[in-house]
Each structure stands twice: as structure tokens, then as C-alpha cells.
Amino acid sequence: MNSDLMREFIELFDTMPDNIHRLVFFSQQSKYKVLSNASANKQLNSLCKQLKIREITMHGLRHTKASVMLYRGVSIYYVSEFLGHGDIETTIRDYAHIVKELRREDEEKMLEALV
């Protein structure tokens, strides 16, 4: 977690109502007292509709973030760690289409360097 994100969490902790469980994503209505994925997706879809943009799920946002990181040159090792994958093979499998595309771009760069 970088310092900018940590500052955002500190601000969130300072402004959110306290709860006895000290949970960040606390939900009194939830059986387990945490915001469920279904509830988060429902709120996200409502926001997308308000903004008149294409709806996306929380998992879709996660995949998009990882894809953007790879396209921006972040190493697959870091992306794998960021996603919390148990091993890099999972990341390579899930993002194989991007890895292959980036490899083609690397081949083109290599050929340009030789000319």
C-alpha cells in the first residue's frame, strides 16, 4: 500500500462511524457485519447508472486495474503480488492475452532497435 492510499484510509477512518468490530467495510445489515460483494456491486451499478456509464462489477474493476498496470509496464511479478495471487502462473494464465500482446510489442521494439 503506497502512502497516498494510506492517507485516504486514514481520512476514511477519521470520518466513518465507529463500529465495535473495527471493520473498514462495516455493514450493520449484513449477517457477518461486512459489506458483501453483491452489495458493493449493487452500489457500483447504481453509481454507473447515475453517471450514465457502462455498468461494471467489482471484479471487473479489479481486472481492469491489473490490465492497465500491465499495459503501463508494471512487471507481472508486481501485478501478481498486488492481486494477491498465490503464484505468478495464476496471473500469467488470467492475463495471457495481455502478456501475448505485450510480447508482440516487445518484438516490434526489438526489430526497430536493430534497424
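Which element gives the largest share of the lining of the second largest pocket? In this predicted model, that element is α2, with three residues. Helix α2 spans residues 37–51. Together with α1 (3–15), α2 belongs to the elements that each supply at least two lining residues.

The second largest pocket has a volume of about 200 Å³. Its lining consists of Leu5, Phe9, Phe25, Leu35, Ala40, Gln43, Leu44 and Met58. By class, seven of these residues are nonpolar and one is polar. No charged residue takes part in this lining.

The largest pocket has a volume of about 250 Å³. Two elements give two or more residues to its lining, namely α3 (58–71) and α4 (76–83). The lining residues are Met1, Asn2, Leu5, Lys65, Met69, Tyr78 and Phe82. Five of them are nonpolar, one is polar and one is charged.

Is Asn41 buried or exposed? Its relative accessibility is 15%. Buried means under 20%, so Asn41 counts as buried. Leaving aside residues up to four places away in sequence, Asn41 touches Thr57 and Met58.

Technical notes. Residues numbered from 1 in each chain as written. Predicted model: local features only at pLDDT ≥ 70, side-chain atom pairs only at ≥ 80, totals over all residues. Heavy atoms only, no water. 1 Å grid on protein atoms, 1.4 Å probe; cavity = no way out; pocket = protein on both sides within 12 Å on 5 of 7 lines; lining within 4 Å. Points joined across faces, edges and corners; volume = space filled by probe spheres on them. Helix = DSSP H or I, 4+ residues; strand = E, 2+ residues; numbered from the N terminus. Nonpolar A, V, L, I, M, F, W, Y, C, P; charged D, E, K, R; others polar. Buried < 20%, exposed > 50% of the residue type's maximum accessible area, 1.4 Å probe, protein only. Contact = heavy atoms within 4.5 Å.
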